[in-house]
Amino acid sequence: MFEASIKDNVTLFQNENFIDLKKLYDCLNKVNLIKYSNKKGLNELVKEDGINLSGGERQRLGLARCLYQDRNIIILDEPTNNLDEKSENRFYETLNNLKNNKTIIIVSHNKKLVSFCDEILFIENGSILRKWYIFMKIGYTTGIFDLFHIGHLNIIKEAKKKCDF
C-alpha cells in the first residue's frame with residue numbers, strides 16, 4: 001500500500017485523464033469496497049502500509065488493483081486471508097467470472113479455493129510432486145497443505161498425511 005488515495009492505490013498513479021472511473025468503481029464493488037466507490041471515497045488517504053485500513057480492506061484493495069490492471073496472468077498468494085464471509089463470497093464470484101479468460105495462479109491453504117481450480121500442482125524443493133487436473137468434486141479431507149516461503153519462491157508442501165489421488 002502506498003501513502004496515497006484509494007484511487008492512486010488502485011490505478012497505480014495513472015494520469016487523471018486516463019482513469020476509467022466506471023471500471024474503477026466496478027473493481028471496488030467486485031471486491032466489496034463499496035464505501036470507497038464514490039468521489040469522496042476515492043480520494044480517501046491510505047496511510048503508509050495501509051495502517052488505517054483493516055487487514056481485509058488491505059487485501060481487497062490489492063485485489064481491486066489487480067482487477068483494474070486487467071492482466072492476462074494473475075498470481076494470488078492467500079487471496080482470501082483476512083476477508084469476512086461476504087467479501088470472500090464476492091471474491092469467489094469474481095474469481096469464477098475471471099477464470100475463463102485469465103490464467104490465475106493461486107497459492108493458498110484455503111481448501112474452498114480448490115473448487116475454482118482446473119489444475120493443482122504439488123511442489124516440493126522446486127520439483128512438481130504431483131499434477132492434478134480437476135474434473136470432478138474433490139474430497140476436501142484427503143490432504144493438509146502447508147505454505148513455506150523460501151527466498152522468493154512459494155512452495156506448497158504436502159504435510160501430515162499423504163494425499164490419495
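Student: Where does Asn-82 lie in this predicted model?

Tutor: Asn-82 lies in the loop between strand 3 (73-77) and helix 5 (85-98).

Student: Why does Asn-82 count as exposed?

Tutor: Look at the relative accessibility of Asn-82, which is 57%. Exposed means over 50%. The value passes that cut-off, so Asn-82 counts as exposed.

Student: What is the phi of Asn-82?

Tutor: Phi is near 70° for Asn-82, a positive value in a residue other than glycine. Leu-12 also has a positive phi, near 55°, and Leu-12 is not glycine either.

Student: Where is Leu-12 found?

Tutor: In the loop between helix 1 and helix 2. Phe-13 lies in that loop too.

Student: Why is Leu-12 called partly exposed?

Tutor: Leu-12 has 36% relative accessibility. Buried needs under 20%, and exposed needs over 50%. The 36% falls in between, so Leu-12 counts as partly exposed. Phe-13, at 46%, is partly exposed by the same test. So is Phe-2, with a relative accessible area of 36%.

Student: What makes Phe-2, Leu-12 and Phe-13 a nonpolar patch?

Tutor: A patch needs residues with over 30% relative accessible area. Phe-2 has 36%, Leu-12 has 36% and Phe-13 has 46%. Nonpolar side chains are joined within 5 Å. Together these three residues have about 270 Å² of accessible area on the surface.

Student: How many aromatic pairs does a search of the whole structure find?

Tutor: The search finds 2. One of them is Phe-2 with Phe-13.

Student: Why is the pair of Phe-2 and Phe-13 called edge-to-face?

Tutor: The ring centres of Phe-2 and Phe-13 are 5.4 Å apart, and a pair needs centres within 6.5 Å. Their planes stand at 70°, and over 60 degrees counts as edge-to-face. So the pair is edge-to-face. The pair links distant parts of the chain, with Phe-2 in the segment before strand 1 (4-5) and Phe-13 11 residues apart from Phe-2.

Student: Why is the pair of Phe-91 and Tyr-92 called tilted?

Tutor: The centres of Phe-91 and Tyr-92 are 6.0 Å apart, again within 6.5 Å. Their planes are at 55°. Stacked needs under 30 degrees and edge-to-face over 60, so this pair is tilted. Both Phe-91 and Tyr-92 are buried.

Student: How do you know that the charged end of Lys-23 sits over the ring of Tyr-68?

Tutor: The charged end of Lys-23 is 4.9 Å from the centre of the Tyr-68 ring. The distance cut-off is 6 Å, and the charge must also be within 35 degrees of the ring normal. Lys-23 counts as sitting over the ring of Tyr-68.

Technical notes: Residues are numbered from 1 along each chain as its sequence is written. This is a predicted model: local features need pLDDT of at least 70, side-chain atom pairs count only at pLDDT 80 or more; totals for chains, interfaces and linings use all residues. Side-chain values use heavy atoms; hydrogens and water are left out. Patches are made of residues with over 30% relative accessible area and no salt bridge: like charges are joined within 9 Å, nonpolar side chains (Val, Leu, Ile, Met, Phe, Trp, Tyr) within 5 Å. Accessible areas come from the Shrake-Rupley method with a 1.4 Å probe; for residues, only the protein chains shown count as cover. A salt bridge is a side-chain nitrogen of Lys or Arg within 4 Å of a carboxyl oxygen of Asp or Glu. Helices (H or I, at least four residues) and strands (E, at least two) are DSSP runs, numbered from the N terminus. Buried means under 20% relative accessible area, exposed over 50%, partly exposed in between (1.4 Å probe, protein chains only).
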